[in-house]
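Subject: Structure for your review, with notes

Dear colleague,

Please find the structure below, followed by my notes on what was found in it. I would be glad if you could read them with the structure open beside the text.

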Amino acid sequence: MSAINEKDILIFVEAVSNFFFQITQEKVEIKTAYLLEDDVPSATFDLTSYITLSGGFTGRIYFSAPHSMLTHLLLVMGEQNRSDERLLDAAGEIANTISGNARKHFGETMEISVPTSQTTKSNWLKTVVSPRSYVILVKWKHYRASVVVDIQRAEQK
Amino acid sequence: MNDDRSIFFKYRKIVFAVVLFMVADAVVIGVNFYNTYKSDESAVSINLSGRQRMLSQRMTKALLMTENSLARSRNVATKANLKELNLAVKLFDTTLKGFRDGGMVTGGDGNPVFLTQVETDESRKAVEETYEIWDYYLGLLQPLLSKNQEFSEEELEGMLEFVKNNPDTLTAALAFAQMNNLKILQYMNDLTTDLEHVANKRASTLRIVLLAGIFFALVNFAYTVVVSIRDLILGDHLLAQSRKETAEILATVREGLFLLDKDKKIGTQFSSSLPDILRRDIQPGADFMPHLEAIAPRSVYEAAVDYIELLLGDRVKESLVTSLNPLTDVPVLVTDTRGDTQTRYLSFFFNRVITAEQISHLLVTVQDVTDKAVLAQQVEQAKNQAKAEIETLLRLANSDFDTLQRFITNVGESLAQINAALSESHEEARERMRILNQIMRLVHGIKGEAAVLGIDMLESYAHDCEKEMIVMRDDENFGGDQMLRVVVLLEGFYQQHSSLAQVVSRLGSALGKAHSAEREDAAEDTPRKQPFVDHITALAERIAADHGKQVKVSCQLEKMFSLPNTVTRELQDISVQLVRNALAHGIEAPDKRNAHNKPLIGRLSLRCESLGHGRHSFTVRDDGCGIVPERLRKLFVEKGFMTLEEASALSDKEIATRLFLPGVSTAETPDQDSGHGIGLDVVLEKVKRMGGHMLVRSSPDKFTEFSIQFSTTP
Amino acid sequence: MKLLIVDDSALIRSRIARILCDKRMNDVQLLGMARNGKEAITLFTEHEPELVTMDITMPEMDGVECTEKMIEINPDCNILVVSALSDKATALKALKKGARGFLYKPFSDEDLITAFLELTSP
């Protein structure tokens, strides 16, 4: 049995998409999706935020985006302060939206951590996620960002 | 069951009251009638006893008048007075007798009436005491009385003579009469009084009886009214309660419940879950069939129409047709609240409702059995999968181990290529389409190899992936979201691949070949002829069997296995595809071959030859129906690849070339071996990669030959 | 009760005959057995049976057509379709033509007797 399906994955991507749409009236578009393996792009951008799930699913959902994209976002929001700290806040906020959607979709029994945000180097995701995690490359305006889904359905009795 | 009895039982109290009322009425009427009759009798008695008083006076008066007229010698008057005396005595006597014994007497109007015997002691006493006087009195009067009461002139003359001659007789009677007249009068008066008293008593009894009757009737009426009203109220209450219960049942029951009338209309009441289960807006009284038609597959719907009509008719036996209910576990397409269509499984059960020995309705129960059906499917799937896995395992055990390992490596590489293709960013839809086509070719390649090795598990998975991707390819809105699906399919592929790799590695250790993976790189791994010939023959025969065809394969492939390994592998892949094509499109079914006077068993040959100067040819030839441009034109138009004008504008050669474009297929229905329009384009790509070119020769209903010419000296 | 058995399988024919013509069954008299629709119609016309067991898939003339013909000849005839077909629609067709009941093959003795009793009850 396959662990998760595209509908489950779509829940996370839609969360990101809705977040951007509410603030900017511009939808996020899925560019492509692939499995994170050695010889494919690492999908890691400047800033990454993630939440940890336990319960029905266990694992992490990552949102990774370049500086420029989050700066643009703050600009659209009318935020004057665009320090790194603020950018990490924004990334965390997006991860929070993901966790909200996840809870709605998978039910209240799912435990979801508060987001952890950090600046990340180019190959970082490949070093932390399980092999063959799902990468969904999204586009907002001309920026690229990624949602990486590294979760497994918990073993059932 | 018995309605009559139950109705009687239901209204038994009222029926009882009504019967009682009628009986009481009859009694009262009877009493009344009896009393009226008695009153008539009393009236006669009273009347006649009154007359007795008058008669005693008349007798005395007649005696006096007789004496008077006799004294004056008025003979005519004397005779008249004697007659009057006679009449009075006679009437008095019979009446008195009547009172004593009962009997017919002359009534007041001269007609005979029946006089009843007196009943009370007083009356009897009065009558008896009268007799004490009357017996003597009558004795005194006797000489004066007529013998025959005819009162003829002679008799009257005789009587006159007697009185004239015996005046003492008259004197004695008159004296007695004057002395006793008052007494008689008194007795008769007593009698009258007593009779009146009896009559009054009877009248008052009657009144009491009537009053009692009326009272009883009133009570009975009141009882009836109370009982009926109470029963009605109770009935209404029960009815309301049962309605409420029905409503509650219909509101809470999980199944869809409704009645279907003879016109196949849904009844006014149905369970509230019905619209949910059917996922349709159901109105009371709505036609059921259009709802069913909208959700059920066509064939099921048509069978259901027959079935429902049979049940509504009275020809078939219900219990002997329920096994034919076509509406069990029906897959229906429904649209959920989010607008997604999904397949659910519903079961409908129909039961006749019989009213007055007629089929009035069908009671329909609808259940959503999706969970059950899905579970059954999963069990089935799991079974099949387990079976496929075991079959795979058995085949693997029989396979050439090195071939297997190479296959696993190849699949791994193909999957990596697919993932790499996916990870490329693609801006345009056309770009995306190119990538999808590329992925499909890779998947198709895996399918082909899996087929050759008889690894059903992977072959069918690849086939399923292919099917889904074809839908995507034909979807105009193919975009990023579908890419998500592709990547999920890819992940599934990886899982299949890794479990297969595990099996092979275990098998390897079992066979003591644990290190052959390393050996593969060191020692030049050479494709070997015999396993390949075996595989390709088996594949051809299997495909032929699947299509109801027969085939004999002949191979001359020694040359092929002397070529560089890379070339040999490409040729192996190509031959799988061409063999598939030949069997799916070329070689005909036996009856068709028979019609063309061809041997029933098709021939398929694979040949690899040296053409000299490092050039080689690889040929796959079948003796099937051939590639016929005219047929292709027709087919392409039918399948909507091109319009009639476009098809006619193309030359025969151009038409045939179309076979090599992605997405073009000539098979009627897609199956594992054909129909997806992936195949010849893959072959052509490989040929190009080898730096070769391909020749196609064909003759209608005779043969088709694909020949690849290539050079091994770069 | 006069019975006609229509089935292309000799095995089924003799089985039905054995079960229904048992002494304990009230007075079932076997008129004949037919291997296909055509034979059945001939026997039917000759003997006017009251009860017919009818297979669906048979050579010459299938059970649906045969049922239709029989009902044309005698609309009161009791026809029980006894068939193994998985296609309910075809069985329903036979019932539409006037057969009164359906019994799946394979059947147990009890199945057939129950169906017979149900069919012959008023």
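In chain A, β2(A) and strand β3 (residues 57-65) pair in the antiparallel sense over seven bridges, where strands (E, at least two residues) and helices (H or I, at least four residues) are DSSP runs numbered from the N terminus, and two strands pair if DSSP finds at least two bridges between them. This is a predicted model, in which local features need pLDDT of at least 70 and side-chain atom pairs count only at pLDDT 80 or more, while totals for chains, interfaces and linings use all residues. Residues are numbered from 1 along each chain as its sequence is written, and chains are lettered from A and ligands numbered from 1 in the order in which they are written.

To stay with chain A, Thr48(A) stands opposite Ser64(A) in β3(A), and in the hairpin of β2(A) and β3(A), which has two residues between the strands, Gly55(A) takes a positive phi near 120 degrees. Strand β2(A) also pairs with β5 (residues 116-119) of chain A, in the antiparallel sense and over four bridges, with Ser49(A) opposite Ser117(A) in β5(A). Two further bridges join β2(A) to strand β4 (residues 111-112) of chain A, again antiparallel, and here Ser54(A) stands opposite Glu111(A). Because six of the eight residues of β2 (residues 47-54) of chain A are buried, this strand is largely enclosed by the rest of the structure; a residue is buried if 20 or more other C-beta atoms, placed from the backbone, lie within 10 Å of its own, exposed if 12 or fewer, and partly exposed in between.

Chain B has 22 helices and 12 strands, and 31% of its 714 residues count as buried. Among its contacts between residues at least 6 apart in sequence, 64% join residues at least 24 apart, two residues being in contact if their C-beta atoms, placed from the backbone, lie within 7 Å.

One open sheet of chain B has five strands in the order β4-β3-β7-β6-β5, with antiparallel pairing. Its edges are β4 (266-270) and β5 (330-335) of chain B, each with a single partner strand, so one side of each is left without a neighbour in the sheet. The twist averages 35 degrees from one strand to the next; for such angles, axes are lines fitted to C-alpha atoms, for helices over the stretch in contact, and angles run from 0 to 180 degrees between N-to-C directions. Within this sheet, 10 bridges join β6 (residues 341-355) to β7 (residues 358-368) of chain B, which run antiparallel, and the bridge partner of Leu346(B) in β7(B) is Asp368(B). Helix α9 (residues 298-312) of chain B lies across β5, β6 and β7 of chain B, running at about 145 degrees to β7(B).

Another open sheet of chain B has five strands in the order β8-β9-β10-β12-β11, with mixed pairing. Strands β8 (551-556) and β11 (693-699) of chain B stand at its edges with a single partner strand each, so one side of each is left without a neighbour in the sheet. Neighbouring strands of this sheet are turned by 15 degrees against each other on average, direction ignored. Helix α16 (residues 529-546) of chain B packs on the sheet, touching β8 and β9 (602-612), and its direction makes about 160 degrees with that of β8(B). Seven bridges join β11(B) to the antiparallel β12 (residues 703-711) of chain B, with Phe703(B) in β12(B) as the bridge partner of Ser699(B).

Val452(B) lies in helix α12 (residues 429-453) of chain B, and Val452(B) counts as buried because it has 23 C-beta neighbours inside 10 Å. Leaving aside neighbours within four places in sequence, Val452(B) is in contact with His535(B), Ile536(B), Leu539(B) and Val576(B).

As for the interfaces, 19 residues of chain B are in contact with 20 residues of chain A. On the side of chain B that touches chain A, α14(B) gives the most, with 12 residues, and by class this side has nine nonpolar, seven polar and three charged residues; Ala, Val, Leu, Ile, Met, Phe, Trp, Tyr, Cys and Pro count as nonpolar, Asp, Glu, Lys and Arg as charged, and the others, Gly among them, as polar. The contact between chains C and B takes 15 residues from chain C and 15 residues from chain B, and the largest share of the side of chain C, six residues, comes from α4(C).

With best regards
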